[in-house]
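The following paragraphs lead through the structure shown below, from a single side chain to the nonpolar cores and then to a loop region.

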Amino acid sequence: MNLLFICTHNRCRSILSEAITNKLANGVFYAASAGSEPADAPHPLTLKYLKKSAYDVEGVTSKSWNELENFTPDIVITVCDSAAGETCPLWLGNVPKVHWGLPDPSKVKGSHEEIEAAFNTVIHEIERRINLLLSLQLKNKTVDEIVALMKGIVQNEK
């Protein structure tokens, strides 16, 4: 099953989600990430903290969803932080959508330790969500059932 993580600039949270999902899902899911207005490159701290957490960053780039013509998502997941007033990009394809909002650690101002803590918090949250999803006996589930489970993971946080 193909998951597409999207955010406006595809430079932090969507890239974190892609790398973490691809490692933890071990073939159950294949993740890609993209943005509606992609940055020139991933945020340097995104790559630093992915590497520090033992995730592969080889070939990681910021890209437009227009560059994914050979990737057909089964589910699109927005990761922008609507609680912070961010506007999520609108995916117009006829694909189920889920919102997994995450705070943007690349916008944290503070000490090195505070910034690192912000990245680690988001990385751990993505890991928690993906591990929880993978624990839910997905083998015979339909896309709609998986979407409902994904929505439930976030709703249970509130």
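Tyr 49 is buried, with a relative accessible area of 1%; buried denotes under 20% relative accessible area, exposed over 50%, and partly exposed the range in between, computed with a 1.4 Å probe on protein chains only. This residue belongs to helix α2, which spans residues 44–52. Helices (H or I, at least four residues) and strands (E, at least two) are DSSP runs numbered from the N terminus. The model is a predicted one, in which local features need pLDDT of at least 70 and side-chain atom pairs count only at pLDDT 80 or more, whereas totals for chains, interfaces and linings use all residues. Residues are numbered from 1 along each chain as its sequence is written, and side-chain values use heavy atoms, with hydrogens and water left out.

Contacts, defined as heavy atoms within 4.5 Å, link Tyr 49 to His 112, Glu 116, Phe 119 and Ile 123, not counting residues up to four places away in sequence. Between the C-alpha atoms of Tyr 49 and Met 150, which are 101 residues apart along the chain, the separation is 25 Å.

A nonpolar core is a set of buried Ala, Val, Leu, Ile, Met, Phe, Trp, Tyr and Cys residues joined through side-chain atoms within 4.5 Å. The largest such core has 36 residues, of which Ile 77 and Trp 100 touch the most other members. At least two residues of this core come from each of β1 (2–7), α1 (13–25), α2, β3 (75–78), α3 (112–134) and α4 (143–155). Helix α3 gives the most, with seven residues. Not counting residues up to four places away in sequence, Trp 100 touches residues including Phe 5, Ile 77, Arg 129, Leu 133, Met 150 and Val 154. Apart from this core lies another, of 10 residues, among them Ile 6, Ala 34, Leu 68 and Val 95.

Asn 10 lies in the loop between β1 and α1 and is buried, at a relative accessible area of 1%. Its phi is near 45°, a positive value in a residue other than glycine. In the loop between α2 and β3, Ala 54 likewise has a positive phi, of about 70°, although it is not a glycine.

Ser 62 is also placed in the loop between α2 and β3, and counts as buried at 11% relative accessibility. A polar atom of the Ser 62 side chain lies 2.5 Å from the backbone oxygen of Asn 10. The side chain of Ser 62 also reaches the backbone oxygen of Ala 41, at 3.2 Å.

How values were computed:
A polar contact is a pair of N or O atoms within 3.5 Å; within protein, one must be able to donate a hydrogen and the other to accept it, and residues adjacent in sequence count only if both atoms are side-chain atoms.
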